[in-house]
Amino acid sequence: MATTEGALVASTSRGCKAITLGGGASTVLTKDGMTRGPCLQMPSVVRAGELKLWLESPEGMDEVRGAFQSTSRFAKLRSLKVALAGRLIFVRFTTFTGDAMGMNMISKGCEQALRFIQSRFQDCEVIAVSGNYCTDKKPAAINWIEGRGKSVASEAIIPGDVVRKVLKTSVDDLCRLNISKNLVGSAMAGSMGGFNAHAANTLTAIYLATGQDPAQNVESSTCITLMEPANDGRDLRISCSMPSIEVGTIGGGTVLPPQAACLDMLGCRGPNRDHPGAHAQRLARIICAAVMAGELSLCSALASGDLVRSHIALNRAAPATPANTPQSSVTPQPSIADMRSASK
């Protein structure tokens, strides 16, 4: 995790300890598909409707898939979701992209597919290869409902004595707080995909540490956290469901040495040669489980009333002064003015 918030690392570690003492976390990946949603325009609503019907037909899908997949040996077009707004047509391409996060790969495939569509419908105009129907780096219900990237759910059973001794609260208090805060409170705020305590905190810290695109935390951190009593009320069942975790283990920031080292630690650096996509899927599972640990610990701190005290203890440090500020080991380089003066 890469973060400037001291309490976040300590809190997530406490959640991980509680989950480990309960036997660990289970995760399931339910969907894997990156999306891009171009915007097209036809001369009339009638022509737009004709294009929509063709794209949704088996013949149209097969021909578009052929054009799309001709650009990459990894990209596999899985579905097209087509919507009309007057004579504007929005086409959401959902694609398997292996161990890459996949935006460049899918954009390249979309451009080729759009050229093919225009060869069949010569009155079709491409407004933009990204028409915000994807949706990338913006809150959108379509990502929450349909998913984008990896859709993952995690679950753990926390024994009652671990809840009391490690988390310093009770099963009943945690369940009541989760309903009141994460479900009712978020609904009162009109939240969309924000039915959690702080999923974005944990996810973004891992994104920075593993070379992901931090701007994609907008949709990637959507999450619903559920808690309920288990085993006749003695233990706690917690789950986190995250439909839009957008990650990759090749390309982008994953090639930077510190980020590559973190991926090595997690056992998912680079491409998986035997099972393409398995490394990126593993990273998404780890993130979802880590988010669950963060949810468990923060909600426990809220239920026990320890949140403010722990933040004050862990987040405050002595102000920077000449006495405690580390000295730079870099030798200052002479300025141009200094060199000119020395040459006179």
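Trainee: Is R47 buried, exposed or partly exposed?
Mentor: This is a predicted model, and in it R47 has a relative accessible area of 25%.

Trainee: Which residue does R47 meet at 2.6 Å?
Mentor: E50. The two side chains form a salt bridge, 2.6 Å from N to O. Both residues sit in helix α2, which covers residues 45-56. R47 and E50 are three residues apart, about one turn of the helix.

Trainee: And how accessible is E50?
Mentor: E50 is at 37% relative accessibility, so it counts as partly exposed.

Trainee: What does D123 form with R47?
Mentor: A salt bridge, with the closest N and O atoms 2.8 Å apart. D123 is in the loop between α4 (103-120) and β5 (125-128), while R47 is in helix α2, so the pair ties together parts 76 residues apart in sequence.

Trainee: How many salt bridges does the structure hold?
Mentor: 17. One of them pairs D213 with K137.

Trainee: Where do D213 and K137 lie?
Mentor: D213 lies in the loop between α8 (199-210) and α9 (217-220), and K137 in the loop between β5 and α5 (141-146). Their salt bridge is 3.2 Å, N to O, and the pair ties together parts that are 76 residues apart in sequence. D213 is partly exposed at 26%, and K137 is partly exposed at 33%.

Trainee: Which residues are joined with K137 and D213 in one network?
Mentor: D136, R148, E219 and E246. Salt bridges with shared partners join these residues, K137 and D213 into one network.

Trainee: Changing topic to α1. How far apart are its end C-alpha atoms?
Mentor: They are 23 Å apart. Helix α1 has 16 residues, 6-21, and at 1.5 Å a residue it should span 22 Å, so the two values agree.

Trainee: Which residues of α1 are buried?
Mentor: A7, L8, S11, T12, G15, A18 and I19. Seen down the axis of α1, the buried residues fall within an arc of 125°, so they line one face of the helix.

Technical notes. Residues numbered from 1 in each chain as written. Predicted model: local features only at pLDDT ≥ 70, side-chain atom pairs only at ≥ 80, totals over all residues. Heavy atoms only, no water. Salt bridge = Lys/Arg side-chain N within 4 Å of Asp/Glu carboxyl O. Helix = DSSP H or I, 4+ residues; strand = E, 2+ residues; numbered from the N terminus. Buried < 20%, exposed > 50% of the residue type's maximum accessible area, 1.4 Å probe, protein only. Expected span 1.5 Å × (residues − 1). Arc of directions from axis to C-beta.
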